[in-house]
Amino acid sequence: MGEALAMMRPSSSSSPYPLLAPPTCSSRLPPLRCFVGLRWSAPRVKVRERLNSVAGIASGTRGCDGRFRAPCSSASQPWRTAITIRNDNSQNADFPRNYSKREKKPFPIPVLELRRRARQRMKQAEGKPKRSLPPPKNGLLVHRLIPEAYRVYNARILLINNLKRLMKVVPVKGCKYCSEIHVGSDGHPFRTCRGMSSDKRRGEHDWGSTLVEAIFLPVEAYHLEDRLGPRITHDQRFEVPRIPALVELCIQAGVEHPEYPTKRRRKPIIKIGRKEFVDANEDDLPDPEPDERFNQPLLEELPYDEIIAPSSREETAALAEETLEAWETVRHGALRLLKSYAVRVCGYCPEVHIGSSGHKARNCGAFKHQQRNGQHGWQAAVLDDLIPPRYVWHMPESGELQKELKSFYGQAPAIVEICIQAGAEVLEKYKATMRLDIGIPSSLREAEMVV
């Protein structure tokens, strides 16, 4: 019996594919600042077929390099790359995930990876002199980002003013019982309402008019007169003014706003402890003079009674192109600021704080806030926490949505959808979720025939 079992076992000497030790996946991740402003995602996989190799593992290689190799049909053929498949811009992408209110937001970078990098930094710093803190951690401004902060601030005001003008031409509807919106003359027919008395309406929306605040969400944060000062306590939650979070980020990055002054340091802080510091003496410095390179005029938001609708189709299309460009400027500029200036968001609610440490106000009302005594669970924020895109259904060329064909329709950010319906060209980055290359059946019978 033992001899029979021995004959059934595969022998490494007789097999053309020798057995290898299990690979050890070595971490080859980009630097930490590459992931700031984005959620963690697995590294992009390159699929390659190589000849004369073991299935899935290259013979003689050690480590996991994200390559899949197929065995050759003939052992006499040399090694060479047969097929390389790369897909940087996906043809169709899934819609952004809607997290449940009972679910905590994922960390932008996993905690284990943060701990590993912290240990690596401590190991590399052993026996070396302690380096001084770089700006903005030392209290100074990042001078190369000051023009970017002014650009983001003005682009935000231009975006809001242009949206008010476009909404007089492009109809936008909002549900009276929930926060869902739709860009079109009539609301969509999908029964997705979860608001008050939705069970009586069987999930059907009750559409009405809406404002620009429902499209470009006004995420607010506390204004800090000193971004390195003490944290805001619970008793000070009504004393500190709240302003749009993007405006507060621009002010901390160098924008001089007359209504919201903030402390500017001209010398780095002096650390006297792990979390304690003192300001350096600036008496020997001359009086600060305004720098004409950075002092740019600030735009002002126009009230609704001063908004004038575009008069022609050409003017509407040009206004839509300008609005879409302002949207991209705001997103791109805010992402650059996020990589240098710390922004925190609560993992349970949409509360945002511009600063290295979140405030201590116990005003979190999310799921199981009683166990935390209303305290926020602060974590690093991403771009969508600061500027929510608000995805809506993309209107097809037929101009009508059918609830039976819901799986064939795409989505786009509300601002992008408004600009597209006003005459702007679709950017390449939004085509994946809009599903423009999917043929929409003309009837339910035709949809059932789709494989």
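At what angle do helix 5 and helix 7 pack, and how far apart are their axes? In this predicted model, helix 5, which spans residues 313-338, packs against helix 7, residues 414-422, at an angle of about 155°, and their axes lie 8 Å apart. An angle over 145° counts as roughly antiparallel, and helix 5 and helix 7 are therefore roughly antiparallel to each other.

**Confidence of the model**

- The average pLDDT of the protein is 82, and 80% of the residues score at least 70.
- Over residues 1-36 the pLDDT is below 50, and this stretch has 36 contacts in the model beyond near neighbours in sequence.
- Residues 41-76 likewise have a pLDDT below 50, with 75 contacts in the model beyond near neighbours in sequence.

**Helix 5 with helix 7**

- The crossing of these two helices, helix 5 and helix 7, is left-handed.
- On the side of helix 5 the contact is made by Thr-316, Ala-317, Ala-320, Thr-323, Leu-324 and Trp-327, while helix 7 contributes Ile-415, Val-416, Cys-419 and Ala-422.
- Sorted by class, the residues in this contact of helix 5 with helix 7 comprise eight nonpolar and two polar residues, with no charged residue.

**Helix 3 with helix 7**

- Helix 3, residues 146-166, also meets helix 7: their axes come within 11 Å and cross at roughly 50°.
- Helix 3 and helix 7 are therefore oblique to each other, and their crossing is left-handed.
- Leu-159, Leu-163 and Leu-166 of helix 3 make this contact together with Ile-415, Ile-418, Cys-419 and Ala-422 of helix 7.
- The contact of helix 3 with helix 7 has seven nonpolar residues, and neither polar nor charged residues take part.

**Helix 3 with helix 5**

- Helix 3 and helix 5 pack at an angle of about 145°, with their axes 8 Å apart, and the crossing of this pair is left-handed.
- The residues in the contact of helix 3 with helix 5 divide into 14 nonpolar, five polar and seven charged.

**The sheet with strand order 4-3-5**

- Three strands form an open sheet in the order 4-3-5, and their pairing is antiparallel.
- Strand 4, residues 181-183, and strand 5, residues 207-209, are the edge strands, each pairing on one side only.
- From one strand to the next, the twist of this sheet averages 35°.
- Strand 3, residues 172-175, runs antiparallel to strand 4 and is joined to strand 4 by three bridges; Val-172 stands opposite Val-183 in strand 4.
- Helix 7 packs on this sheet, where it touches strand 3 and strand 4, and the direction of helix 7 makes about 20° with that of strand 4.

- Strand 10, residues 343-346, and strand 11 run antiparallel and are joined by three bridges, and the bridge partner of Arg-344 in strand 11 is His-353.

**Backbone details in loops**

- Pro-135 and Pro-136 are joined by a cis peptide bond, for which omega is about 5°; Pro-136 is found in the loop between helix 2, residues 111-124, and helix 3.
- Lys-368 has a positive phi of about 60°, although this residue is not a glycine, and its place is in the loop between strand 11 and strand 12.

Methods. Residues numbered from 1 in each chain as written. Predicted model: local features only at pLDDT ≥ 70, side-chain atom pairs only at ≥ 80, totals over all residues. Heavy atoms only, no water. Axes fitted to C-alpha atoms, helices over the stretch in contact; angles between N-to-C directions. Helix = DSSP H or I, 4+ residues; strand = E, 2+ residues; numbered from the N terminus. Parallel < 35°, antiparallel > 145°, perpendicular 65-115°, else oblique. Left-handed = near helix turned anticlockwise from the far one by under 90°. Contact = heavy atoms within 4.5 Å. Nonpolar A, V, L, I, M, F, W, Y, C, P; charged D, E, K, R; others polar. pLDDT = per-residue confidence, 0-100. Pairing = 2+ DSSP bridges.
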